[in-house]
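Please look over the sequence and the model shown here, and then follow the description from the whole chain down to single residues.

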Amino acid sequence: MQNANTHKHIRIHKEVATALAKGAPVVALETAVLTHGLPRHAVPTLRDISNVWNETLPAHVALAMAMEHTVREGGATPATCAVIDGELVIGLSAQELESLAAHQSPLKLSARDLAGAINSAATGGLTVAATLCACAAAEIRVFATGGIGGVHRGWNHSLDISADLAALARSRVITVCAGAKSILDLPATLEALDSLGVPVIGIHTQHFPCFLSPPDATLSLTSSVNNATDIAAIARTHWALGHHSGVLAVQACPAEHAIARDEFEMWYDATEVAARTQGVKGPDVTPFLLSHLAQLSSGKTLRANVALLLHNARTAASISTKM
């Protein structure tokens, strides 16, 4: 904590710093979903998913606010993380959140990008990997996101593997998510997590969740629990044994919003063709795929994404109170 508070490139919001100093529960939140994941226009049809959804605000802002509110409702302090004008900020103020959301060309920052973005006084949203770096700097132990990155389809030809996996392997953080994004090679992603020594613990599921779709019955998990207390206990024991990897706590997208896998695959095939045709590559791939899928599905993928993000924030808050 001392190094994080005094480092000239890192600023921890006073509320977050106070909570950490007291040993009170804190939940980190990423911002790549804010800068590159959700629409920059209002989506009033999402108001039935959350009673705090502000239907007059752009969807990306409404989600960020709803995530923070959900964490507070669960008894924890939210720490939304981003790089603002060359500073790694852990716990954005309301003004900083609005400024980031309004930025016309924010960067999408992974772990490898942080130093360069800080040195060039840039502004950007943080991916899972970058947020885990922020967690390490502030010693935050619980983090909520949507779905982690992983091994991309066709990885044996391109070696396209998300930095999220390596970050999970070196960060003593419980990451709460809905498994890995459905656009990935899920069996390969689960195998990679195993190889990296990252425990994957199902919450109310014995199978690996498929982000927007129900868990895959062919992807069995070796450990499953039914409550936040057990997740916290497993993490404490894992770290007491000397492990430096994080714990991945996975839960399914709420059933009422989940999308059948065959339906998703139909949309994905069309989206992949569009990405190839338009020459989309590198860090632009995931934002393009998510946006195109939302269009093809008439908003179903967007609804599922918002529902699972809030579900994960709620669970992460509960876990943080047991740490």
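**From the chain to its residues**

Among contacts in the chain (heavy atoms within 4.5 Å) between residues at least 6 apart in sequence, 72% join residues at least 24 apart. The model is a predicted one, in which local features need pLDDT of at least 70 and side-chain atom pairs count only at pLDDT 80 or more, while totals for chains, interfaces and linings use all residues. Residues are numbered from 1 along each chain as its sequence is written, and side-chain values use heavy atoms, with hydrogens and water left out.

The secondary structure of the chain comes to 14 helices and eleven strands, where helices (H or I, at least four residues) and strands (E, at least two) are DSSP runs numbered from the N terminus. For 323 residues a compact globule would have a radius of gyration near 20 Å, and the 18 Å of the chain agrees with this; the radius is taken over C-alpha atoms, and the globule rule is 2.2 Å times the number of residues to the power 0.38. Of the 323 residues, 54% count as buried, a term that means under 20% relative accessible area, against over 50% for exposed and partly exposed in between (1.4 Å probe, protein chains only).

Helix α5 (residues 94–102) has Glu96, Leu97, Leu100 and Ala101 as its buried residues. Because these cover an arc of only 135° around the axis, they lie on the same side of α5, the arc being that of the directions from the helix axis to the C-beta atoms. An α-helix has 3.6 residues a turn, so residues three or four places apart point the same way. The face of α5 turned away from the buried side carries the exposed residues Ala94, Gln95 and Glu98. What covers the buried residues of α5 includes β1 (10–12), α3 (32–36), α4 (59–73), β3, β4 (87–90) and β6 (124–126).

In strand β3 (residues 77–84) lies threonine 80, which is buried, with a relative accessible area of 4%; leaving aside residues up to four places away in sequence, threonine 80 touches several others, among them Leu29, Val89, Ile90 and Leu97. Strand β1 holds isoleucine 10, which counts as buried at 16% relative accessibility.

Leucine 159, by contrast, is exposed, with a relative accessible area of 64%, and is found in the loop between α8 (155–158) and α9 (163–170).
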